[in-house]
Amino acid sequence: MIALKDISYVRLGTRDLDGACRYANDILGLREGQRYGPPRHGRAVGFRSDAREQTLVYFDGDPADHTTGFELSSMAELQSAAAELERLGHAVREGRPDECEQRRVQAFIGFNDPSGNAIELAVAPFHSGVRFFPTRDTGNTGFSHVGLRSTDPARDERFWTTVLSAKVSDRIGAAPLLRIDEVHHKIALFPSAYAGVQHINHQVASIDDLMRAWYLLQSRGIRVVFGPGKHPTSGAMFLYFEGPDGMVYEFSSGVRMVTDPDAPPRQFPFHPTSFCMWGSVPDIPEFR
Ligand SMILES: [Fe+2]
């Protein structure tokens with residue numbers, strides 16, 4: 001079993017790096033960290049959302065190229081994870097020093113989950129000595145979870161819960177909400193015809209921050225695709241909105257902690273009321 005310590009970062013390709021960076025800065029309120037390039041591997045820009053040096057990276061590349069990074073506790077665990085994944089038939093790639101430098105980690109390996117989602121396992125993501133503060137008053141308290149697309153959620157749930165250390169907190173239809181620590185979910189797997197990151201969540205401090213965002217997004221012409229609402233599963237209040245290249249971003253507040261490690265998963269039907277207990281209807285294909 002490969003023990004995931006935390007979710008660390010998402011890396012997204014884009015053909016409009018400047019536009020994506022403007023969005024990350026102005027709309028998400030994230031703070032630009034390091035810029036890399038222009039070299040052989042193109043340009044990349046890291047963004048901060050919490051105490052770490054980066055949690056979101058946009059790079060010059062294919063907008064369908066998405067990678068999610070998770071932290072492991074030690075180099076020894078990274079080595080045994082590589083061996084375990086190879087034993088199970090996953091092609092494992094060891095991060096080059098220049099790639100580790102760009103990811104602001106000590107070391108990492110890359111592989112694909114059974115749907116083909118690019119996953120990286122990293123050791124020692126760098127923390128920053130400079131305090132994070134958002135570029136506007138978003139109330140951001142940090143990067144918290146991703147929705148991943150799954151071509152077979154039951155198969156992928158088995159992978160994430162037997163090879164990796166995730167536990168099912170709840171299911172909505174076939175879609176499991178998976179925790180790797182006490183936070184109700186840090187990964188969710190949504191049925192889809194193809195792999196990729198389906199949404200990216202940052203937590204905000206309160207419902208005031210969600211409502212401020214709701215008005216601000218409307219004034220900036222950003223399409224809100226779900227919410228304001230409240231998830232009956234995690235108890236979090238939420239707002240989902242459209243980002244560059246069709247990516248969906250979420251701000252949410254008040255996610256439940258699951259303190260009992262053996263808490264059994266609850267099953268919710270695949271119905272709008274399982275996504276929002278206030279009656280908001282999602283304009284997100286994977287939630288309908
Ligand atoms: Fe979410």
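Donors here are N, O and S atoms within 2.8 Å of the metal (3.2 Å for Na, K and Ca), and water is not among the atoms, so sites may look incomplete. With that in hand, the iron ion's donors follow the spacing H-x53-H-x50-E along the chain. Histidine 199 sits in strand β13 (residues 197-204) and glutamate 250 in strand β16 (residues 248-253), so the pair ties together parts that are 51 residues apart in sequence. Strands (E, at least two residues) are DSSP runs, numbered from the N terminus, as are helices (H or I, at least four).

A word on the model: this one is predicted, with local features needing pLDDT of at least 70 and side-chain atom pairs counting only at pLDDT 80 or more, while totals for chains, interfaces and linings use all residues. Residues are numbered from 1 along each chain as its sequence is written, and side-chain values use heavy atoms, with hydrogens and water left out.

Back to the iron: His145 (NE2), His199 (NE2) and Glu250 (OE) are its protein donors, 2.0 to 2.2 Å away. What about burial? Buried means under 20% relative accessible area, exposed over 50%, and partly exposed in between (1.4 Å probe, protein chains only).

| Residue | Relative accessible area |
|---|---|
| Histidine 199 | 2%, buried |
| Glutamate 250 | 1%, buried |
| Phenylalanine 238 | 0%, buried |
| Tyrosine 240 | 3%, buried |

A cavity is a set of points, on a 1 Å grid over the protein atoms alone, where a 1.4 Å probe fits but cannot get out; lining residues have an atom within 4 Å of a point. Grid points are joined across faces, edges and corners, and a volume is the space filled by probe spheres set on the points. The whole structure has two cavities of 30 Å³ or more. The largest holds about 70 Å³, and its lining includes His145, His199, Glu250 and Tyr240.

Last come the rings. Rings of Phe, Tyr and Trp (its six-membered ring) pair if their centres lie within 6.5 Å; planes under 30 degrees apart count as stacked, over 60 as edge-to-face and the rest as tilted. There are 14 aromatic pairs in the whole structure. In one of them, phenylalanine 238 and tyrosine 240 have ring centres 5.3 Å apart and planes at 70 degrees, so they are edge-to-face.

Note on methods:
On a 1 Å grid over the protein atoms alone, a cavity is a set of points where a 1.4 Å probe fits but cannot get out, and a pocket is an open set with protein on both sides within 12 Å along at least five of seven lines; lining residues have an atom within 4 Å of a point.
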